[in-house]
Amino acid sequence: MLIKAFLALFTTLLLSGPALAAELNVLATLPWIGSIAKDIGGDRVSVTVLVKPNQDPHHIEARPSMISAARKADIVMFNGLDLEIGYLPVIIESSRNPKIQPGNPGYLDCSRFVEAIEIDFKADRSQGDVHPLGNPHYHLSTSRMGKVGRGIAEALSALDSGNRALYMANLATFEKKLAERRKEWDGRLKGKNYVAFHRFFEYLAADLGFRITGYIEQRPGIPPSSGHMAGLVASMSREEPNALITTSYHGGKAADFLSKKTGVKTIVLPHEVGSREGIDDWFDLVDRIVHDLSGE
Amino acid sequence: MKYLLSFLLIALFAFPTHADDIETRIKNLEEALKSKEQDALSSKGVFGGSALMNPNISLILDTLFYSSNLSPSELEEREISGYMHEEFETKKGFNLESAELFFFAPVDPYFNLYVTIPVTEEEVELEEAYFVTTSLPAGFQLKGGKFKSGFGRLNSQHRHNWDFADPPLPYSAFLGGEGLIEKGVQVTYLPALPFYTELGFEALQGENEVLFREDAATGPRAYAAFAKASLDLDDKSTLLFGPSVAFGKTDTGTIEEDTRFEGDSTLWGLELTYKWTFSDKKAFKLQAEYLFRDQDGDFTDADENVSNLEREQDGYYVQAVYQVDRWRLGARYDGLGLFKDKYVLDGQSEDFRTPWRATAAIEYNPSEFTRLRLQYNHDRSLGGGETNREVFLQAVFGIGAHAAHKF
């Protein structure tokens, strides 16, 4: 009798245990992906982010602790377009985790859901550290983020079909919030011109109607030559862009130099969720960038 | 393609349109062409498939200019007395180390394949060719073929990824210049712990010519095991450490010229790496290894006299690299016979000088794919007691696919 009761209890625990307690372990490479995974997954997911908000996403080194995190993941979500090529493949292979290997539902390349810009299959490395698959910095694209959210919702539903309704409800909330915010953001930067350090804000520019008229970085990943800097001083003095924009890890000195020479102010924009206080999710990030750019 | 174009053209002109529609139509046409262009990139070949089905390929060119105060004949005869004798292949002046081909791709959902083929002026070598499983459960992974053993720290890294142009003394003395690259299988296990721990075991043919035997007729003759653990001290600094061991049957002629040694060898290793990335542009790395080799067997000297030889010898290196943006500064100190320096031939203990070396290097890396290095060695490891003051000017270039870096 006692044994029977014990067995019954055990069976109940065994069956109900995973459904109740086990959250999906989501491994996101970048903070913004983690932010959207939390929006869509709610309390059904536990999110681990590999890259710290203050790090330059172009120069990440695989740490063994990242492999440990990947070992426990149910799904890995990443930016794609070769942004993580220097570290993610080795983490995924070393994780010894079949769930997150390419081709499995736990392997989610978020760039699959967006149309990249600046695709250049003819590019070679004489042009610097180029990305032939397209500009990888679509994370600031207000027009594409809805599709990324939907892709993540579908991926989570595929892994955890019992909670599909919940993920879809969260997606609907996400999409509604996105539509509302887009109304606030649209138009505020129309017609403005900026000079940027790296090709980082192109998607946002296309979505919000501002222009980037020049780059400090001639070729991605290669510091600018003095001749190029002199040319920039001349063109910026002539064209008087609204500001020079960069991120905390890109070209502080070069930007300061140009600001001093031309009188064009430099705006250091937050590049990721969590990179500044008060930027707790992706919406905060775009809010703050639009706010800083519009100079309000 | 042709059909599509004519179809589109017909579609464009066959139907009467308003003037303002033309622009939209041209745009559509351009877009259609663009998407065709994209299709062309993945066009089918004779055997089907597409260009994307090729493996990832990269080529690494490793070139060297070498200079030393010693004469070419002194360099050629150099040996670390009591430790090992191996031919020194680097010539004074210009050297072409190798052009190394590297192929990698998934085979199917179960295996990834890696092949490294260094091509030198004399030969084409199959340095590595191995599969790695991707779908074993419970944190296990199997590697097989010919691969760099997981023993120690430097051993499993490609030479062109090293922080210095040459191997440290304990590697040269106990494993030879190439390191432990063997045919065999490796099983590794990554338990689901809160911190990184990797356990590995290898069964190897045992063909390392210094530690085991060249061209082994039977096998496996050697085994290796290792454990590695890693802790993140904070967001910016990481520690990796662990012990290794490799043991097996030895039959080698590398102790001295024209001699033979047959017996058993065990090589123990301890490794420690500390990396501190204090900003996006600045980083510091400290790396050290300690190796201890225990050997017992029959020594046949040049006159065919056979006697018992017992060797218990150790070696170490400590190296630090400080990186600022595209510049890297390195320093290394390596030596042999730190705690153990036992060489007993036929009951007679022999003493050799204690070899050591000090190294400084400066690197400039214009991009991730080019490395220019100037290195100076103050080398006091030579058997004759002379000091070898040597300078390396090394240039390494990589083209092709971008392989991910291990920690």
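Predicted model: local features only at pLDDT ≥ 70, side-chain atom pairs only at ≥ 80, totals over all residues.
I counted 17 residue pairs in polar contact between chain A and chain B, both residues at pLDDT 80 or more. On the side of chain A that touches chain B, α3 (64-71) and α4 (88-94) each supply at least two residues. The largest share of that side comes from α3(A), which gives five residues.

I then looked up the salt bridges and found three between chain A and chain B. I noted one pair in detail: B:E198 forms a salt bridge with A:R96, and their closest N and O atoms are 3.0 Å apart.

For the extent of the contact, I recorded 31 residues from chain A and 48 residues from chain B. The area buried between the two chains is about 3100 Å². Carbon and sulfur atoms give 50% of that buried area.

**Chain B as a whole**

I listed four helices and 17 strands in chain B. Chain B has 407 residues, of which 43% count as buried. I also checked contacts between residues at least 6 apart in sequence, and 58% of these join residues at least 24 apart. The accessible surface of chain B comes to about 20700 Å², with 59% belonging to carbon and sulfur atoms.

**Nonpolar patch**

I found a nonpolar patch on the surface of chain B, with about 990 Å² of accessible area together; its members include B:F65, B:F94, B:Y322, B:W327 and B:L393. The elements that give two or more residues to the patch are β12 (306-324), β13 (327-345), β16 (370-380) and β17 (388-400) of chain B.

I looked at B:F65 separately. B:F65 lies in strand β1 (residues 56-68) of chain B.

**Backbone entries**

Most residues other than glycine have a negative phi, and most peptide bonds are trans.

I found a cis peptide bond joining B:G219 and B:P220, with omega about 0 degrees. B:P220 lies in the loop between β7 (196-204) and β8 (222-232) of chain B.

I noted a positive phi, near 65 degrees, at B:E304. B:E304 is placed in the loop between β11 (282-300) and β12 of chain B, and is exposed, with a relative accessible area of 63%.

I noted another positive phi, near 55 degrees, at B:D325. B:D325 is found in the loop between β12 and β13 of chain B. With a relative accessible area of 40%, B:D325 is partly exposed.

Notes: Residues numbered from 1 in each chain as written. Chains lettered and ligands numbered in written order. Heavy atoms only, no water. Buried < 20%, exposed > 50% of the residue type's maximum accessible area, 1.4 Å probe, protein only. Contact = heavy atoms within 4.5 Å. Areas by Shrake-Rupley, 256 points an atom, 1.4 Å probe, with all protein chains shown as cover. Patch = residues over 30% accessible without salt bridge, like charges linked within 9 Å, V, L, I, M, F, W, Y side chains within 5 Å. Salt bridge = Lys/Arg side-chain N within 4 Å of Asp/Glu carboxyl O. Buried area = accessible area lost by both parts, 1.4 Å probe. Polar contact = N/O pair within 3.5 Å; in protein donor to acceptor, adjacent residues only side chain to side chain.
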